[in-house]
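The lead sentences come after the display, followed by points grouped by topic.

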Amino acid sequence: DGIVKHLHIQPKDLDEYIEQMARVLQCYVKRIQWLLSGSRRLFGVILEASVCILIDTSGSMEPSLEQVTRELTSLIWEQLRKNQTKFNLISFAEDVVAWQECLVEATDEACHDAVQWVSTFRAHGNTSILRALQRAFRLQGVEALYVLTDGKPDTSCVLILQEIEVLRKQQAVTIHTISFNCSDRGANDFLKKLACQTRGRYHRCH
């Protein structure tokens, strides 16, 4: 409004303000460090009680698949087991393979079995995201899907978004997307739209 106001601050008040700001910044730094540690760096924080993790095992994932399986193993123990999250795993390439037919409790036995299953991943073929999503939507009680991929799907992106809109009318599942080592603008735009359309989070990781 064009009015100039002069503030008079005592040195003691200024020192107190600087000290408070330093404490706030320290909290932010600790929070960022926590978010970038362990499985959270790749998958973020798992917030829901019932989830399915979908992992791209297409041919283009071959250079990164070992790292992804390590991170997924960490996720299973660090978040799913610790928080007793019901879960399932799906790998997708040319074929879509589910670890279990339904969501399971995160017991020690189940987590050991899941880690063993993850260790058998082999990169091959195309990227059948749509069929993987359709399979995941059939899981009774699933609240959210976490989809990790490194490229564009082998199906029209527009078709996938339309199909997901139809599926969500029956079951309002949230989809969080993780772009892993993906520099394709079209692929990243698609993953952003998929997350936004389903009220999920989009995360890009290198």
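Q84 is placed in the loop between α3 and β2. The structure shown is a predicted model. Its strands include an open sheet of six, in the order β3-β2-β1-β4-β5-β6, with mixed pairing.

**Loop residues with positive phi**

- Most residues other than glycine have a negative phi.
- Q84 has a phi near 55 degrees, a positive value in a residue that is not glycine.
- Q84 counts as exposed, because its relative accessibility is 60% and the exposed class begins over 50%.
- R199 also has a positive phi, near 60 degrees, and is likewise a residue other than glycine.
- The loop between α7 and β6 contains R199, which is exposed with a relative accessible area of 76%.

**The sheet**

- Strands of a sheet pair through backbone hydrogen bonds, either parallel or antiparallel.
- Strands β2 and β3 run antiparallel and are joined by three bridges; S91 stands opposite V97 in β3.
- Strands β4 and β5 pair in the parallel sense over six bridges, and V147 stands opposite T177 in β5.

- Strand β5 covers residues 174-180 and includes T174.
- Seven of the seven residues of β5 are buried, so this strand is largely enclosed by the rest of the structure.
- In a regular strand the side chains alternate between the two faces of the sheet.
- In β5, T174, H176, I178 and F180 point one way, while I175, T177 and S179 point the other way, and all are buried.
- T174 counts as buried because its relative accessibility is 17%, and the buried class lies under 20%.
- Apart from neighbours within four places in sequence, T174 is in contact with E143, A144, L145, T198, R199 and G200.
- T198 belongs to the loop between α7 (185-197) and β6 and is buried, with a relative accessible area of 0%.
- Neighbours within four places in sequence aside, T198 contacts I164, R168, V173, T174 and I175.
- The C-alpha atoms of T198 and I175 are separated by 5.7 Å, although these residues are 23 residues apart along the chain.

**Helix pairs**

- Two packed helices are described by the angle between their axes and the distance between the axes.
- Helix α3 (residues 65-81) packs with helix α4 (residues 108-118) at an angle of about 170 degrees, and their axes are 10 Å apart. The two helices are therefore roughly antiparallel.
- On the α3 side this contact is made by T69, L72, T73, I76, W77 and R81, and on the α4 side by D108, C111, H112, A114, V115 and V118.
- Seven nonpolar, three polar and two charged residues make up the contact of α3 with α4.
- Helix α5 (residues 129-137) packs with helix α6 (residues 157-170) at an angle of about 5 degrees, and their axes are 11 Å apart. These two helices are therefore roughly parallel to each other.
- L130, L133, Q134 and F137 of α5 meet I160, E163, I164, L167 and R168 of α6 in this contact.
- The contact of α5 with α6 comprises six nonpolar residues, one polar residue and two charged residues.

**Nonpolar cores**

- In soluble globular proteins, nonpolar side chains tend to be buried together.
- The largest nonpolar core has 30 residues, of which F43, I53, L72, F87, L89 and L148 touch the most other members.
- At least two residues of this core come from each of α2 (40-43), β1 (50-56), α3, β2 (86-92), α4, β4 (144-149) and β5.
- Helix α3 supplies the largest share of this core, with six residues.
- L148 touches L42, F43, L54, I55, D56, M61, V68, F92, I178 and F180, with residues up to four places away in sequence not counted.
- A second, separate core has 25 residues, including L133, A136, L139 and L145.

Conventions:
Residues are numbered from 1 along each chain as its sequence is written. This is a predicted model: local features need pLDDT of at least 70, side-chain atom pairs count only at pLDDT 80 or more; totals for chains, interfaces and linings use all residues. Side-chain values use heavy atoms; hydrogens and water are left out. Helices (H or I, at least four residues) and strands (E, at least two) are DSSP runs, numbered from the N terminus. Buried means under 20% relative accessible area, exposed over 50%, partly exposed in between (1.4 Å probe, protein chains only). Contact means heavy atoms within 4.5 Å. Axes are lines fitted to C-alpha atoms, for helices over the stretch in contact, and angles run from 0 to 180 degrees between N-to-C directions. Angles under 35 degrees count as roughly parallel, over 145 as roughly antiparallel, 65 to 115 as roughly perpendicular and the rest as oblique. Ala, Val, Leu, Ile, Met, Phe, Trp, Tyr, Cys and Pro count as nonpolar, Asp, Glu, Lys and Arg as charged, and the others, Gly among them, as polar. A nonpolar core is a set of buried Ala, Val, Leu, Ile, Met, Phe, Trp, Tyr and Cys residues joined through side-chain atoms within 4.5 Å. Two strands pair if DSSP finds at least two bridges between them.
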